[in-house]
Amino acid sequence: MTNFTKQKPPLWFWILSLFALLWNAFGVNEYIHQAYKTDYFYSKYPDPKVLEIVLTTPLWVTAAFAVAVFFGTLGSLMLLFRKKWAQLFFGISLIGILTQMFYNVFLSVSIEIYGLAAIIFPIFVVVLGMALLFLSKIAIRKHWIN
């Protein structure tokens, strides 16, 4: 078993790690509002038709949303704590992201409601999830985290 000494990460690593934490914490906040059906949640959907579609989202999609944001937050914290668990957590988060976005793009009527934005935002989220997983792999390889 080889034991590597941690190397000092560059400034951009810390900036990206902090951005990842903020992004995922925002996702946790959105999930909590959705799960608990808060006033803020209802205020986001003034159109009753859209609200009904959101309220009838299958439980497995909501669970995928929870997995995506909670494991993404844990992965972000692991980056900041310089622990290689970040890679596992970002991998699990990406599975949640892909599951949720598959439903949003291919199985729901979101494209009919939101148009092109219903495709662009999911692509952005998937790419960001992949980038965070890739960042954790780079950090492990460069011994910034272990």
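A pocket is an open set of points on a 1 Å grid over the protein atoms alone, with protein on both sides within 12 Å along at least five of seven lines, and lining residues have an atom within 4 Å of a point. Of the 40 lining residues, Phe65, Gln100, Met101, Asn104 and Phe121 are the closest to the centre.

Before going on, keep in mind that this is a predicted model, where local features need pLDDT of at least 70 and side-chain atom pairs count only at pLDDT 80 or more, while totals for chains, interfaces and linings use all residues. Residues are numbered from 1 along each chain, and side-chain values use heavy atoms, leaving out hydrogens and water.

Now for the rings. Searching the whole structure turns up 15 aromatic pairs, meaning rings of Phe, Tyr and Trp (its six-membered ring) with centres within 6.5 Å; planes over 60 degrees apart count as edge-to-face, under 30 as stacked and the rest as tilted. Tryptophan 23 and phenylalanine 124 make an edge-to-face pair, 5.6 Å centre to centre with 80° between the planes. Tryptophan 23 sits in helix H1 and phenylalanine 124 in helix H7, so this pair ties together parts 101 residues apart in sequence. Helices are DSSP runs (H or I, at least four residues), numbered from the N terminus.

Tyrosine 31 and phenylalanine 65 also form an edge-to-face pair, at 5.6 Å and 80°. Elsewhere, Trp12, Phe13, Trp14 and Trp144 form one aromatic cluster.

Terms used:
On a 1 Å grid over the protein atoms alone, a cavity is a set of points where a 1.4 Å probe fits but cannot get out, and a pocket is an open set with protein on both sides within 12 Å along at least five of seven lines; lining residues have an atom within 4 Å of a point. Helices (H or I, at least four residues) and strands (E, at least two) are DSSP runs, numbered from the N terminus.
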